[in-house]
Amino acid sequence: MTNRPVVLIAEELSPATLDALGPDFEVRNCDGADRAQLLAAIVDVDAILVRSATKVDGEALAAAKKLRIIARAGVGLDNVDVKAATQNGVMVVNAPTSNIVSAAELAVALMLAAARHVSPAHAALRNGEWKRSKYTGIELYEKTVGIVGLGRIGALVAQRLSAFGMKVVAYDPYVQAGRAAQMGVRMVTLDELLAESDFMSVHLPKTPETIGLIGADQFAMAKPSLVLVNAARGGIVDEAALYDALKTGRIAAAGLDVFAKEPCTDSPLFELDNVVATPHLGASTDEAQEKAGIAVAKSVRLALGGELVPDAVNVQGGVIAEDVRPGIPLTEKLGRIFTSLAGEVAQSLDVEVRGEITEFDVKVLELAALKGVFTDIVEEQVSYVNAPLLAAERGTAVRLVTESESPDHRNLITLRGTLMDGTQISVSGTLVGLNQRERLVEVNGFLVDLEPTEHLAFFRYEDRPGMVGTVGQILGESGVNIAGMQVSRDEKGGQALVALSVDSAVPAEVLEQIRTSIDAETVRGVDLTE
């Protein structure tokens, strides 16, 4: 029998979730809403998958002796104590993009329903009333829609409404005009948006700055024909001010999926015929639920494999820019090379990132460096969630340093550390060409140009004739084939470095033979195989 990681599924999830997990795990089930059952089941599991009914709090985390990841198959995390999980070294993931299409489509549905009086016309027909003239609506075609918040969902709404022939303007202080222009969207101030828009759709997060953002003063600037949609978060639109604006004809109609307090079943807004409302259905589609399950199942696989989990919420890095992603495996390799060169845990470590990629969030490269540094040091599996904890436990002070200027390379990643005796260790790498090939370009101040293959070796010695030949001869006699070699020196007759990529690991006794033969100051073999 194999000792497979145990995954606990605490709520009903789609069959596709199990398919995405694959056969590498022992899957158990429990009723997460049953507290006693949950606490008993979570004791020896490696991961738990939940939706909204299972509460994973401090008590549950205390009971979970082996837990490494909590996966919430959805967007919200109200039922997970993220702080307690972080303190326990447990990764928390969710599925932040699983419902974005569903939410965008519902916003469009509410807009159409409000514009065409679908809800009151349907109610009238069910009551036996045929009132075609009373429910004359308006078209979206050639109207202006204002998108408040041009994030992922806002952008999808803008894209869909553009297909209706609408002119799209947007307000979002965190989006550059150039990016919006690529989507065919014109950025404006909030006041300008209110004055210009025939339709308005809110897609902002709920923060102290956005609560009550749309209130009486804003409605006073709007056209009387404005149709407002809020399928984002309750509280961003002042509901009392909205009621007054709709009741008095200050604006024409509203479509609502969210409310300041939920569940909400007795709002005065529900009494108005010019309101169409739904009970927070943005994520309530079969497709969104399936996407959520698949997404967190993939995150569980990555986490239990010690890999980067982009959807982890308690690990810095978050969503990773495409320009940054190719540097992640390179940085991990640099971390492993650094540890091999150092031979001990550094007292301090700077992860220096230079060049164009510093325009993006490169925090993930610090995590990648730490993962590499500790991979070959500790017995436990190193992940992006426990690597910073390992550094802290070992007293390694870690710092991320970014600089947009990179004189010699488009982008450059350097790990620079100080050992206990004050010795400085450094290793640098970059990516070159259209294929983003990995190159090792500096080792302890010596310039090199070498592919960081699975097997590497470094020899530092006093510069004098014949040493390179001696190294090659010993390796050849030992059956170790050299794939690439770089020789660098600080000055003629000074210190020299031979950096090698080889087809197989250099045995310890061969390294010692080379040390003796060339009177090397340092000899290091590096194995980057998994």
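Start by selecting L365: beyond its neighbours within four places in sequence, this residue is in contact (heavy atoms within 4.5 Å) with V324, G327, I328, T331, V351, V353, I357 and I413. You are looking at a predicted model, where local features need pLDDT of at least 70, side-chain atom pairs count only at pLDDT 80 or more, and totals for chains, interfaces and linings use all residues. Residues are numbered from 1 along each chain as its sequence is written, and side-chain values use heavy atoms, with hydrogens and water left out.

Together with L365, they have the most contacts inside the largest nonpolar core, which has 48 residues. Such a core is a set of buried Ala, Val, Leu, Ile, Met, Phe, Trp, Tyr and Cys residues joined through side-chain atoms within 4.5 Å; buried means under 20% relative accessible area with a 1.4 Å probe, protein chains only. Colour helix 14 (residues 363-375), which gives this core its largest share, 8 residues.

Now move to helix 16 (residues 467-477) and helix 17 (residues 508-518), whose axes (lines fitted to C-alpha atoms over the stretch in contact) come within 10 Å and cross at roughly 155°. The two helices are therefore roughly antiparallel (angles over 145 degrees) to each other. Show M467, T470, V471, I474 and L475 of helix 16 against V510, Q513, I514, S517 and I518 of helix 17 to see the contact.

Finally, zoom out: the C-alpha trace spans about 100 × 55 × 35 Å along its principal axes, and buried residues make up 49% of the 530 in the chain.

Notes. Buried < 20%, exposed > 50% of the residue type's maximum accessible area, 1.4 Å probe, protein only. Helix = DSSP H or I, 4+ residues; strand = E, 2+ residues; numbered from the N terminus. Axes fitted to C-alpha atoms, helices over the stretch in contact; angles between N-to-C directions. Parallel < 35°, antiparallel > 145°, perpendicular 65-115°, else oblique.
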